[in-house]
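The sequence and structure come first.

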Protein chains: 2
Amino acid sequence: MGPQLNVSLCGELLNLEKLVVEKSASVEHWLRDSFNKNTPPFYSSVDLRNACFKLAPVDTNLFPAGFNNLGEKDLACTVQAFMTSVEKRCPDVENVLLIPENHTRNKYYLESLGNLFSILSNAGLTVRVGSINPELTQDLLIEYKNISSEKASFTIEPLLYSDGKLKLKGFDADLIVINNDFSSGIPPLLKKVKSQVIMPALDSSWTFRRKSNHFAKYNQVAKEFCEFLGADDWLINPMFEHCKKINFRNRQGEDCLNDHVSDLLKKIQMKYKNCEINKKPFVVVKADSGTYGMGVMTIRDASEIKNLNRRQRNKMSKIKEGVEVSDVLIQEGVYSFETFVNSGKEFVAEPVVYVVDRYVVGGFYRVHSERGLDENLNAPGMQFYPLPFENGCQFPALSKDPNSTTNRLYFYGVIARLAAIAASKEKIDN
Amino acid sequence: MGPQLNVSLCGELLNLEKLVVEKSASVEHWLRDSFNKNTPPFYSSVDLRNACFKLAPVDTNLFPAGFNNLGEKDLACTVQAFMTSVEKRCPDVENVLLIPENHTRNKYYLESLGNLFSILSNAGLTVRVGSINPELTQDLLIEYKNISSEKASFTIEPLLYSDGKLKLKGFDADLIVINNDFSSGIPPLLKKVKSQVIMPALDSSWTFRRKSNHFAKYNQVAKEFCEFLGADDWLINPMFEHCKKINFRNRQGEDCLNDHVSDLLKKIQMKYKNCEINKKPFVVVKADSGTYGMGVMTIRDASEIKNLNRRQRNKMSKIKEGVEVSDVLIQEGVYSFETFVNSGKEFVAEPVVYVVDRYVVGGFYRVHSERGLDENLNAPGMQFYPLPFENGCQFPALSKDPNSTTNRLYFYGVIARLAAIAASKEKIDN
């Protein structure tokens, strides 16, 4: 038997998937309605964890990379979704300036950027790439392999500022598309932009965004959705706590962290007991504005907090671009019981779903051989193997069989859209 | 060598395709702008003819069948396009009543209807099918094979009228989707509908619609598009004339027809001469509100008009549902030089492109073995072989090579969208 994915849902979660598949028209109507209340994110990728008894988003990225990991079959829908997004937000735009992350040596990121460049171009835009990194002072030609395995290239150019606009030499754009989460703050040049549309809006960057706010909104959305379907929202909703003013290096806030971890572990234990789940609870402590899998640790017992060694505390104290961690999210750990079996070996597989505007456009699995079922796969330098979804996850199968791959991926697409709806609600109270 | 499609563009048309591919971002911007001026048709299919030196739409259907002929890979984009269409037009709708053609014995039509039913369902709607045919008095279960070759089924139910609405037993819809071109008039029951949205609007049915009006609008759109690109619009624009008050049976209006055919043949001859095209011109005479390939004939010499025998005159005098022909369109004939070669035999292949709202979602070739290169393939009882497009036609290839299949199909998609824009302008002056 060739490589295959192993997962089966069980208990109440299986019933919920059945319900979502059977009532897909009502579910879509509910989603349509919710997306109409707030403008969906320009684009997003949602990391899911499937524990068979629980399926939940654990991170929602509003400046997604990984476009190189989508399947070739996903391309047309992705392009079409960006077309719709542009038509709705800024139909007059033709020229687009794409501002990427500053690190220009990560081959995988550059492949993602190249594919994003090509997708936006195919959506009917004239796209050029300009780096906000002041160290980039001359054109940089990037060669990459696109999703269709063709050799392609694009150029990263230095940015110029004039007349309230960010420009490139000989190129004046109406729209700036950001693919940089600005963990370490909005660059001054970008703040000076007056007469260009910027998407996504800068308040969705990690300069301002907080995971705890996202999951508070997700908690609302998941509750509303499950109330609508008559299901327990815990099945798709990770519990969480929140600690402020933590300093891992000098152990400030350790008690707060200890108490919240302890509380959350107890809550999970109680839920597991009620649902007759015979697993050990764990929590994941994450920097509240962190990304790239930095500033993340798995805790199985509150005592581990006091016993962190210097290396572990250092690791938790900084995230991307050297930003100091002070607020943390303590999130219910959701096991990854989805695995990819190849030549008799079993690898953890974590789904990532891409949502453009309100449309699920595709996704892939991060397949990892080394890591345990309760650890974070999005770790720096991780070597995962991307495995594009077998099907689109836009709609359910003709058969209502809840074990069909198509139906499971559709269910993933629904959960990912709930996360996108949550993201669309983040800014309102801020 | 296996089956393959043979076509190459030449001369000015090849240059135009090159231009469209190279300037695709500007072309898309132009299309976006044009679609924003008038609401695009809910759905449409556009029949194209490729003569290598000219590529033009010859018919634009606003109640398309043939959904069974799309490729499986086109499904996700088609569903997504209908989602967008519904969100824009009637976001609150959940229940949809689909009203099909009255003939319930045409296996191919029922396969198309089944696939349309399934596509609309997957777009997040609760769809049921109700026939306006008073002869249908009880539920009719239809089994069919869907695009993914799965066995599927749907039921055609008799319609009920109450409270200003068309309903089914136990089913109250907010939206009526029409897949019937109403060649013989709008059914009285449908005219009485007061509190339901009807899409497409009834004024786009053949009760009101005229091919001559469509091609007059297409003429404007093609001219604007070609002016924008600096090309001769004849390359994509079929010339036409128009005769009213024709009666084929009693030879009324024969002189008018004769003169216009003669004029048009001369115009084509002159154009061929200027472009050094060594082909015999021909025209196609079509009922102005006809469809289904009925009431269509190919004329190579004006004298043929006077020499029509009784059988030919009878054939031209009636279209679908026995409607008498009185107005005709005399359209420049566009050769079909695109062929499909299989086992050394060459078959004429005519592209049909599907557009949902403003999105090209896919298409197929009608491959026909018997018919000549200058005859109408959409003939009653025709046995064509549908061949789904190899690629989507949403965007050009990475290579700008004008001979790449992807680029040719993208060009087809652009021309089809010009026809959809023309259709969106039809109602304005009526």
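Ile142(B) stands opposite Phe154(B), a residue of strand S7(B), in this predicted model. The pairing behind this contact joins strand S6 (residues 140–145) of chain B to strand S7 (residues 151–158) of chain B; the two run in the antiparallel sense, over six bridges. S6(B) and S7(B) form a hairpin, with five residues between them. Within the turn, Ser149(B) has a positive phi of about 65°. In a regular strand, side chains alternate between the two faces of the sheet.

**Backbone exceptions**

Most peptide bonds are trans, and most residues other than glycine have a negative phi. Several places in the two chains depart from this pattern, and the table lists them.

| Site | Backbone feature | Value |
|---|---|---|
| Met199(A) to Pro200(A) | cis peptide bond | omega near -10° |
| Met199(B) to Pro200(B) | cis peptide bond | omega near -10° |
| Asp163(A) | positive phi | about 55° |
| Arg251(B) | positive phi | near 65° |

In chain A, Pro200(A) lies in the loop that runs between strand S11 (197–199) and helix H6 (211–229). In chain B, Pro200(B) is likewise found in the loop between strand S11 (197–199) and helix H6 (211–229).

Asp163(A) is also a loop residue, placed between strand S8 (160–162) and strand S9 (165–167) of chain A. With a relative accessible area of 62%, Asp163(A) is exposed. Arg251(B) lies in the loop between strand S12 (240–243) and helix H7 (254–274) of chain B. Its relative accessibility is 37%, so Arg251(B) counts as partly exposed, the range for that class lying between 20% and 50%.

**A buried serine**

Ser24(A) belongs to helix H2 (residues 24–37) of chain A. Is Ser24(A) buried or exposed? Ser24(A) has a relative accessible area of 11% and is therefore buried, since the limit for that class is under 20%. Apart from neighbours within four places in sequence, Ser24(A) is in contact with Pro396(A) and Tyr410(A).

**Chain A as a whole**

Chain A contains 10 helices and 19 strands. Its C-alpha trace spans about 65 × 60 × 45 Å along the principal axes.

Of the 430 residues of chain A, 62% count as buried. Contacts in chain A between residues at least 6 apart in sequence join residues at least 24 apart in 70% of cases.

**Relation of the two chains**

Chain A is superposed on chain B by a rotation of 180° with 0.0 Å of shift along the axis, giving an RMSD of 0.0 Å. The two copies are thus related as by a two-fold rotation axis. The same surface serves both copies, as 100% of the contact residues of chain A recur in chain B. Which residue of chain A comes closest to the rotation axis? That residue is Cys77(A), with its C-alpha at 2.6 Å.

Note on methods:
Residues are numbered from 1 along each chain as its sequence is written. Chains are lettered from A and ligands numbered from 1 in the order in which they are written. This is a predicted model: local features need pLDDT of at least 70, side-chain atom pairs count only at pLDDT 80 or more; totals for chains, interfaces and linings use all residues. Side-chain values use heavy atoms; hydrogens and water are left out. Copies are superposed by least squares on the C-alpha atoms of residues with pLDDT of at least 70 in both. Contact means heavy atoms within 4.5 Å. Two strands pair if DSSP finds at least two bridges between them. Helices (H or I, at least four residues) and strands (E, at least two) are DSSP runs, numbered from the N terminus. Buried means under 20% relative accessible area, exposed over 50%, partly exposed in between (1.4 Å probe, protein chains only).
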